[in-house]
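Please read the points below alongside the structure.

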Amino acid sequence: MTKKIVLGLALAGAMLPLAAHAAGDAENGAKVYKRCAACHVVDKEMNRVGPHLVGLFGREAGSVEGYRYSDAMKESGVTWDEETIDKYVENPKSFIPKNKMSFPGLKKEEDRQDLIAYLKEATKS
């Protein structure tokens with residue numbers, strides 16, 4: 001094998017853990033979600049202090065029927081996907097100013113990625 005091939009294989013192997021991390025760990029995400037469970041439900045269309053999360057991915061922010069959203073959320077123009085959820089749960093007040101969620105956010109990227117992996121599984125409608 002040439003040095004270039006060996007180096008390329010070594011680099012590819014070194015990147016595998018990074019790719020796995022990027023997808024998140026749904027099992028750990030279920031533990032992270034416990035912080036959210038007092039206000040949000042993932043498995044049935046039942047609003048609590050916050051709106052339910054059933055069918056979250058691809059849904060327009062501020063659109064769950066029967067939940068009273070802030071004007072900021074209704075007018076945000078956000079559609080929930082991995083990127084927007086990541087930014088929102090990192091710092092809700094910064095991502096959508098004047099929204100009414102009081103949660104301060106998840107600062108650790110690993111926690112956010114794990115939560116997103118969990119939500120992708122748990123919120124399918």
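In this predicted model, Leu115 is in contact with Gly29, Val32, Tyr33, Cys36, Val89 and Leu106, once neighbours within four places in sequence are left aside. Leu115 also belongs, with Tyr33, Trp80 and Leu119, to the residues that have the most contacts inside the largest nonpolar core.

**Nonpolar core**
- The largest nonpolar core has 25 residues, and at least two of its residues are supplied by each of helix 2 (26–33), helix 3 (71–74), helix 4 (82–90) and helix 6 (109–122).
- Helix 6 provides the largest share of this core, namely five residues.

**Helix 6**
- From its first C-alpha to its last, helix 6 reaches 20 Å over 14 residues, which is close to the 20 Å expected at 1.5 Å a residue.
- Helix 6 is largely enclosed by the rest of the structure, because ten of its 14 residues are buried.
- The buried residues of helix 6 are Asp111, Arg112, Gln113, Asp114, Leu115, Ile116, Ala117, Tyr118, Leu119 and Ala122.

**Confidence**
- The pLDDT averages 88 over the chain, and 82% of the residues score at least 70.
- Across residues 5–11 the pLDDT stays under 50, and the model has two contacts for this stretch beyond four places in sequence.
- Residues 13–21 likewise have a pLDDT below 50, and this stretch has two contacts in the model beyond near neighbours in sequence.

Terms used: Residues numbered from 1 in each chain as written. Predicted model: local features only at pLDDT ≥ 70, side-chain atom pairs only at ≥ 80, totals over all residues. Heavy atoms only, no water. pLDDT = per-residue confidence, 0-100. Contact = heavy atoms within 4.5 Å. Core = buried A, V, L, I, M, F, W, Y, C linked by side-chain atoms within 4.5 Å. Buried < 20%, exposed > 50% of the residue type's maximum accessible area, 1.4 Å probe, protein only. Helix = DSSP H or I, 4+ residues; strand = E, 2+ residues; numbered from the N terminus. Expected span 1.5 Å × (residues − 1).
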